[in-house]
Structure formats: structure tokens, C-alpha cells
Amino acid sequence: MMLSRRTLLGSLPVAAVAALAGCASEMVPGATGSTAPSGPTPSPLGSSVGSVVGSATGWRMPGEDDRHERTWMAWPSSEEVWGPDLAAVQADISAIALAIGRFEPVSMFARADQMSVVQAIGPNVTPVEGPVDDLWARDTLASLVVRRSGSGGKEMAAVRTRFNGWGDKQVHDGDTQLAGLMAKQLGVELIESGLVGEGGGIEIDGHGTLLASESCWVNDNRNPGLTRDEIQRRLVGSLGMDRMIWIDGLAGADITDGHIDTLGRFVNETTIVIDTPAVADPQDPWVAVARRTKAQLGEARTAAGRPYELVELVQPSSTRQSGEAFLSTYMNFYVCNGAVIAPEFGDQAADRVAYETLARLFPGRQVVQINIDGLAAGGGGIHCATQQQPAIR
């Protein structure tokens, strides 16, 4: 079995790291290298980005639970990245696309020689040609923002945070082009955030609050020379947010330097779901990170000044696959039209509790649990592999 992103950095030399994959988690209180752009000419935001987008132009990123037009994904086809595990990972991506496709259309970026493979997945999955290196659409595609148009309807734009392979840890020449190609495919303006980073590094509540871990943003492998305050201004501004909550994260322990989407996730503007290990191993740095995240989010306040309701999603005690590399968290779920697509790991009791918790947190949505063992063995999950397109009609 391949090494996951959780054990990767401590296990392999830099040259070997460049050949593997990525989406995981970390935290801190409070609160580069990119290739040439492709697609539409981006609109620069300048040094005052914090006040330009949200307040002056009206763009805002909706919450994941808002109505979608479709979901975007990317088809894995690189043996350089996945080796002998490629077939298992492709099966998981197909399963995720089919599950989402029951509720909304799926557009899947794929290399030219893989278009027919993607076309055969299912009737609601459409291939879109692009130079895909890996499957992590949350990190490589654009974040889509909306605003009211002059005619009274809505219009959309694409915000790009430059993808550099999680700090030049993996090949990414093709993936770095996908955000621009997405904007071109949609026929929308491409807005530069002025940052290097990934979509898995942000959480949006849909009501003006942004949540992120400091470890993957205030990091010289992505944004050298920028302070946390400067990064916050650019994130808040480019996504049209009103405020931001930082947690610490855990730099250097996985390929993503601690993405937020396996640590803390917004359910709504008053509720946050948090990851909880099944065993409190004092030697496991992720146990310490989970404890620190809970403490920091316990001190955070909503926009109305009240404490958040924190709901724990407890990891399974046992899984079909074992070992330190396997990422067995229920946190990496994806909210689509009428459903929550979530993993199951073969621990019947834990899987059931996760199902019931998500059903309670997202009333009116069907919880669909699927086996993603191949993807989890690579350190990622369902949320990492998806990016929503908000509905504007």
C-alpha cells in the first residue's frame, strides 16, 4: 500500500515526495512557486485586496450547502503519482461521481486519452479535457464567487489561489492550469487572489466567515514574505468574506501542511463539526492537533458574538485497511443538492454514528456513505476530490 500524505514527509526524501499525492489537516490560534497562468486574463486585485472584492465589487463565495449548478472533479490517470494503486483510486472517483450524479451533474477534467473512460462512468458525468496531473479538484480548481448583476439576477466569477503542488512537493505543471481552464469553460472572469494555496485550506460558512489553518497559508513554501495579516486580507477580500477565524494546524506533518477540511468544517453560521480520534494516543501528533483545534474553536465566536456549537465526528476504531497511512476520518464529506456524500470504513458502529450525526446536522438531505478505501489510503477524501459550482439561475 502506498504511503499517505500523513506519513509522506517524514518517510521520503524530497525527490520521492514529488511523485505522490495530496489533501489532509492541521491548526493555529486566531485566525511559492507557481507556473504560468492559462485561460482568461486574470483581474489583479492589488495590495488592497482585503477591501476590494467583498465590499467594493460585491463578489462572495456561497456556502457549500447553497444550491449547486454542478460539481467539478478531476480524473486520476497518472501511474507516476499513484503507481499500482491507480485502479483502486479510479474506482473510488467513479463511485463518488456516480453518487453525486444522482443529485446534480458532474463535470470531470480528464486528459485527452481518458475522455472516453470518464464518459463511460455514467449518464450525469461529463468529461472536460484538461492536462490533469492528479485528482484533487478542491485544491487545483478555482473557488467560484457570485454577486447580484445589474439586471437583478446573479453572475459568477472564478477566484484563483495559485496551486504549486502543496509547496512544490508533487508534480503540478498540468494541475496549475486547471483553474484558468475552468473559468474559460464557464465563460467567467478569472480573479487572482494574490496568494498561493489550495481550496482544501479554506472553510466558508456561507454567511461571511472564513475558517483556515495557519500552517498551510503562512508558510514560506507557498507565500514567502507575506504576514498572516496580509494573507488574511487577501483571502477575506478575494472570497468576499467579512471576517476570519484561524487555527494553528500542523506544518510539515503531511503533504498539505494541515488543511482545514479534515479538522473543522462549518455546518452553518453557528455550528462547526470537528474531527475526534477514536484513540487518544499521546504519541500521535494528529491527536494533539485535534485537541488543540477543539480548544481554539471553543474560544471562537460567531458573527453574533456567541460561542459555536461544536459537534464531534469520532473516527472509526477499526477499518478494512489498517496502518498509520490510512486516513480514516468522516470529516471529508461533501454537501451537494439534497445529499451529503460521506465515507464509510467498515466499522459498523462508528459508520452508523457518523451517518446519524450528519443526518441530524443536515436535515432534509440524504446521507450517502460509500467505500473510498483507495482514496483514503492516499491520504484524501471526498471533499478533497470535489469543487462545487453555485447555481446562479
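Reader: How do the residues lining the second largest cavity divide into nonpolar, polar and charged?
Author: Keep in mind that this is a predicted model. The lining of the second largest cavity has six nonpolar residues, three polar and one charged.

Reader: Which residues are they?
Author: Leu 141, Ser 143, Val 159, Thr 161, Glu 198, Gly 199, Ile 202, Trp 217, Leu 235 and Leu 239 line that cavity. Strand S5 (154–162) and helix H10 (228–239) are the elements that each give two or more residues to this lining.

Reader: And how much space lies in there?
Author: About 60 Å³. The largest cavity has a volume of about 190 Å³.

Reader: OK, the largest cavity then: which residues lie nearest its centre?
Author: Gly 63, Glu 64, Glu 203, Ile 204 and Arg 265, out of 21 lining residues. By class, that lining has eight nonpolar, seven polar and six charged residues. Strands S7 (203–204), S10 (264–266) and S16 (387–390) each supply at least two of the lining residues.

Reader: Switching topic: what order do the strands take in the open sheet with S7?
Author: S7-S8-S9, with mixed pairing.

Reader: Why is one side of S7 and of S9 left without a neighbour in the sheet?
Author: Because S7 and S9 (243–247) stand at the edges, each with a single partner strand.

Reader: How many bridges join S8 to S9?
Author: Five, and S8 (209–213) runs parallel to S9.

How values were computed. Residues numbered from 1 in each chain as written. Predicted model: local features only at pLDDT ≥ 70, side-chain atom pairs only at ≥ 80, totals over all residues. Heavy atoms only, no water. 1 Å grid on protein atoms, 1.4 Å probe; cavity = no way out; pocket = protein on both sides within 12 Å on 5 of 7 lines; lining within 4 Å. Points joined across faces, edges and corners; volume = space filled by probe spheres on them. Helix = DSSP H or I, 4+ residues; strand = E, 2+ residues; numbered from the N terminus. Nonpolar A, V, L, I, M, F, W, Y, C, P; charged D, E, K, R; others polar. Pairing = 2+ DSSP bridges.
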